[in-house]
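The following note sets out points for a colleague who is reading the structure alongside its sequence. Each point takes up one residue or element and its surroundings.

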Amino acid sequence: MEKIVIITGGNRGLGLGLASVYHKNGYRVISISKSNIEKLYTVEHYQCDLSKPDTIENTMVEIFSHFDKNNTVNLTLINNAGNLGTVNTLENISPSNISYTIQVNLVAPLILNSLFIKLSKDWDCKKQLFNISSGAAINPYESWAMYCSSKAGVDMMTKVLSKEQKEVQNGVSIVSIYPGIVDTDMQAEARNTPKENFKSVQRFIDFHEHGELISPNEVATKIYHLDISGELKNGRILDIRNV
Ligand SMILES: NC(=O)c1ccc[n+]([C@@H]2O[C@H](COP(=O)([O-])OP(=O)(O)OC[C@H]3O[C@@H](n4cnc5c(N)ncnc54)[C@H](OP(=O)(O)O)[C@@H]3O)[C@@H](O)[C@H]2O)c1
């Protein structure tokens, strides 16, 4: 019987850490990202720009067409892909960048979760949705209006879907996870923003200089252990630094 995990943004950063940890532990791993990567070691890769709703739908339908519900014991989708968008005060950000960032960080997880629930409706296996959120969902950072708003939206989606799915027989369980400060391109982007555009930039430079960044593999391993130990219960919003 297969254990399957679909990871958005499984090609680099935290997503790559998750892909490699789940793969090492015997999962079939499917990655969805914007970059066109033919094959990422033994992970199945689908190229898809998550800012485009129709492409997301086609990709998910295609992915599910290669699964066998009678041969699957565990099916998980990790909504990990995300971006900071332009880091600046809102009046200095273009409408297209505002729209793109919300599409990738919030609209795409809504669509992916909707499709996951629909396409796995009559599956008997364990079904899980993990939304990679952020402390930015509850801490307002100046110059991160889209990022903070989208992560707050992701957490509210977790709360709503957990209620909806609780009522469903063999429903999907859903959680939000704050991964902490992870050593990825996104952190580099934050600390490389000019100070005039980002008041808190020094905080991010300090995280780096004081060795406070955690490797993607370490964070991914912690998430994996929380998963298999049954800690990721429907409706939970958890910061992995506190567990
Ligand atoms: N790093 C941190 O300290 C930190 C802290 C809190 C939360 N998080 C969250 O953790 C998650 C992973 O972040 P990260 O730090 O690993 O970021 P990252 O290194 O910047 O990687 C971003 C990932 O998202 C994918 N992605 C971005 N835009 C996409 C699009 N339009 N379509 C498809 N894929 C797209 C990228 O794929 P391509 O390579 O194809 O662009 C890449 O795999 C994000 O949700 C982030 O908000 C990170």
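1. The model is a predicted one, and in it methionine 157 is buried because 21 other C-beta atoms lie within 10 Å, where 20 or more are required. Methionine 157 is part of helix 4. Leaving aside neighbours within four places in sequence, its contacts are Pro109, Leu110, Asn113 and Asn131.

2. Asparagine 131 belongs to strand 5. This residue is buried, having 24 other C-beta atoms within 10 Å. Beyond the neighbours within four places in sequence, asparagine 131 is in contact with Asn79, Pro109, Val154, Met157, Thr158, Val175, Ser176 and Ile177. Glutamine 165 is 34 residues from asparagine 131 in sequence, and their C-alpha atoms are 15 Å apart.

3. Serine 176, one of the contacts of asparagine 131, is located in strand 6. It counts as buried because it has 26 C-beta neighbours inside 10 Å. When neighbours within four places in sequence are set aside, serine 176 is in contact with Asn131, Ser133, Val154, Asp155, Thr158 and Ile237. Serine 35 lies 141 residues from serine 176 along the chain, and 25 Å separates their C-alpha atoms.

4. Serine 143 has a positive phi, near 80°, and sits in the loop between strand 5 and helix 4 (145-166). Asparagine 170 also has a positive phi, of about 45°; its place is the loop between helix 4 and strand 6 (173-178).

5. Helix 1 covers residues 13-24, twelve in number, and reaches 17 Å from its first C-alpha to its last, close to the 16 Å expected. Ten of the twelve residues are buried, so the helix is mostly covered. The buried residues include Gly13, Gly15 and Gly17 as well as Leu14, Leu16 and Leu18. They pack against strand 1 (2-8), strand 2 (28-33), strand 4 (72-79), strand 5 (126-132), helix 5 (185-191) and helix 7 (216-228). After helix 1 comes glycine 26, with a positive phi near 90°.

6. Strand 1 is largely enclosed by the rest of the structure, because five of its seven residues are buried. Its pairing with strand 4 is parallel and extends over six bridges; lysine 3 has asparagine 74 of strand 4 as its bridge partner. Strand 1 also runs parallel to strand 2, to which five bridges join it. In that pairing, valine 5 stands opposite valine 29 of strand 2.

7. Nonpolar side chains tend to be buried together in soluble globular proteins. Here the largest nonpolar core has 46 residues, and Val5, Ile6, Leu18 and Val29 have the most contacts inside it. Helix 1 gives the most to this core, with six residues. There is also a second, separate core of seven residues, among them Met146, Tyr147, Ala190 and Phe204. As for isoleucine 6, its contacts beyond four places in sequence are Ile30, Ile32, Ile63 and Leu77.

8. The surroundings of the ligand complete the note. Which of the 26 residues around the ligand come nearest? They are Gly9, Gly13, Ser35, Gly82 and Thr184. The elements that give two or more residues to this shell are helix 1 and helix 5. By class, the shell consists of nine nonpolar, 13 polar and four charged residues. Gly13 is also listed among the buried residues of helix 1, and Ser35 is the residue whose C-alpha is separated from that of serine 176 by 25 Å.

Definitions and conventions. Residues numbered from 1 in each chain as written. Predicted model: local features only at pLDDT ≥ 70, side-chain atom pairs only at ≥ 80, totals over all residues. Helix = DSSP H or I, 4+ residues; strand = E, 2+ residues; numbered from the N terminus. Expected span 1.5 Å × (residues − 1). Contact = placed C-beta atoms within 7 Å. Near = placed C-beta within 6 Å. Nonpolar A, V, L, I, M, F, W, Y, C, P; charged D, E, K, R; others polar. Core = buried A, V, L, I, M, F, W, Y, C linked by C-beta atoms within 7 Å. Pairing = 2+ DSSP bridges.
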